Amino acid sequence: MEIIIHADATQVATRAADFITAQLGHKPDSVLGLATGSTPVATYADLVRRHQAGSLSFAQVTTFNLDEYVGLPPDHPQSYRSFMNKNLFDQVDIDLSRTHVPDGNAENPVEVGPAYEATIDAAGGIDLQVLGIGTNGHIAFNEPTSSLGSRTRIKTLTEQTFKDNSRSFEAGEFQPRLAITMGIQTILEARRILLLATGASKAQAVVDMVEGAITASCPASALQMHEKTTVIIDEAAASKLTLRPYYTWVLDQQDQIRDTFGNPW
Ligand code: F6R
């Protein structure tokens with residue numbers, strides 16, 4: 001894993017937007033895997049600004065979101081489809097018909113996962129998957145003890161995730177306990193992975209992911225098996241890492257390798 005530590009969440013967002021911009025520069029018709037949640041909001045806002053400034057186009061991009069709540073119609077204000085439309089899709093030149101979010105309102109939600117996987121395959125697979133991380137180490141809604149070989153399916157949210165996400169729902173409002181989520185194996189098949197984390201509440205999950213054992217108890221630790229994962233975090237989320245000087249040293253060396261031998265993208 002490549003570990004990049006910035007002073008604060010604003011710098012994390014800028015670096016993440018740089019990363020996504022570079023991906024689209026390299027391949028304008030990229031297939032992007034996208035995350036919701038509070039972490040990527042500033043990154044999406046930065047991408048929107050770049051689009052409005054005329055330097056970034058999503059015209060040829062296809063997207064697949066990681067997950068959606070079961071039981072919320074797409075136009076529900078708390079659905080992940082609404083989140084994506086509001087924070088990114090409605091503000092850029094993307095073709096909405098090429099944006100995919102699992103259908104949490106399907107008559108038979110059990111059939112959604114295999115169909116979603118088939119659509120990802122038909123699009124040629126995911127070039128760059130953006131991820132956040134839960135305080136319990138989940139990626140997408142793959143909660144601790146999820147199979148490391150899992151594919152898109154229905155998952156029951158843990159009490160911790162239910163509580164973490166309750167901030168988006170009004171008191172007394174229906175809050176789903178089930179979600180349809182890409183599996184860990186689905187995520188590992190992306191060609192590149194970009195994981196973002198900010199804030200002290202993510203510090204334990206981050207150290208478990210980067211320096212802990214590969215275990216279903218911390219689903220994000222499965223990313224250790226991925227060849228091209230970049231983790232961009234702020235100081236607070238990095239506060240429990242023990243090998244920090246090494247991560248900085250690795251980045252310095254990579255810069256030198258790039259300067260000498262070119263960008264291995
Ligand atoms: C969202 C998702 C989740 C979030 C994670 C962190 O699509 O899949 O795994 O990335 O729960 O959420 P925030 O960013 O709100 O802390």
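Predicted model: local features only at pLDDT ≥ 70, side-chain atom pairs only at ≥ 80, totals over all residues.
View 1. Helix H2 covers residues 41-52. Thr 43, Tyr 44, Asp 46, Leu 47, Val 48, Arg 50 and His 51 are its buried residues. That buried set packs against helices H1 (9-26) and H3 (80-87) and against strands E2 (31-34) and E9 (192-197). Just past the end of H2, look for Gly 54, which takes a positive phi of about 90°.

View 2. An α-helix has 3.6 residues a turn, so residues three or four places apart point the same way. Asp 46 and Arg 50 are both buried. Asp 18 joins in as well: Asp 18, Asp 46 and Arg 50 are linked in a network of salt bridges.

**View 3. Strand E6 and its parallel partners.** Strand E6 (residues 128-131) is covered on both faces. Leu 128 and Val 130 are buried on one side, Gln 129 and Leu 131 on the other. E6 pairs with E2 in the parallel sense over two bridges, and Gly 33 sits opposite Gln 129 of E6. E6 and E9 also run parallel, joined by four bridges; the partner of Leu 131 in E9 is Leu 195.

**View 4. An open antiparallel sheet.** Three strands line up in the order E4-E8-E7, with antiparallel pairing. The edges are E4 (67-69) and E7 (153-156), each pairing on one side only. Ignoring direction, neighbouring strands of this sheet are turned by 30° against each other on average. Between E4 and E8 (residues 178-181) there are three bridges, and Asp 67 has Thr 181 in E8 as its bridge partner.

View 5. A search of the whole structure turns up nine salt bridges; here are two of them. Glu 159 and Arg 177 form one, with their closest N and O atoms 3.2 Å apart. This pair links distant parts of the chain, 18 residues apart: Glu 159 is in helix H5 (residues 159-165), while Arg 177 is in the loop between H5 and E8. Glu 159 is partly exposed at 45% relative accessibility, as is Arg 177 at 40%. Glu 235 and Arg 244 form another, at 2.7 Å between the closest N and O atoms. Glu 235 is partly exposed at 33% relative accessibility, and Arg 244 is too, with a relative accessible area of 29%.

Conventions
Residues numbered from 1 in each chain as written. Heavy atoms only, no water. Pairing = 2+ DSSP bridges. Axes fitted to C-alpha atoms, helices over the stretch in contact; angles between N-to-C directions. Expected span 1.5 Å × (residues − 1). Buried < 20%, exposed > 50% of the residue type's maximum accessible area, 1.4 Å probe, protein only. Contact = heavy atoms within 4.5 Å. Salt bridge = Lys/Arg side-chain N within 4 Å of Asp/Glu carboxyl O.
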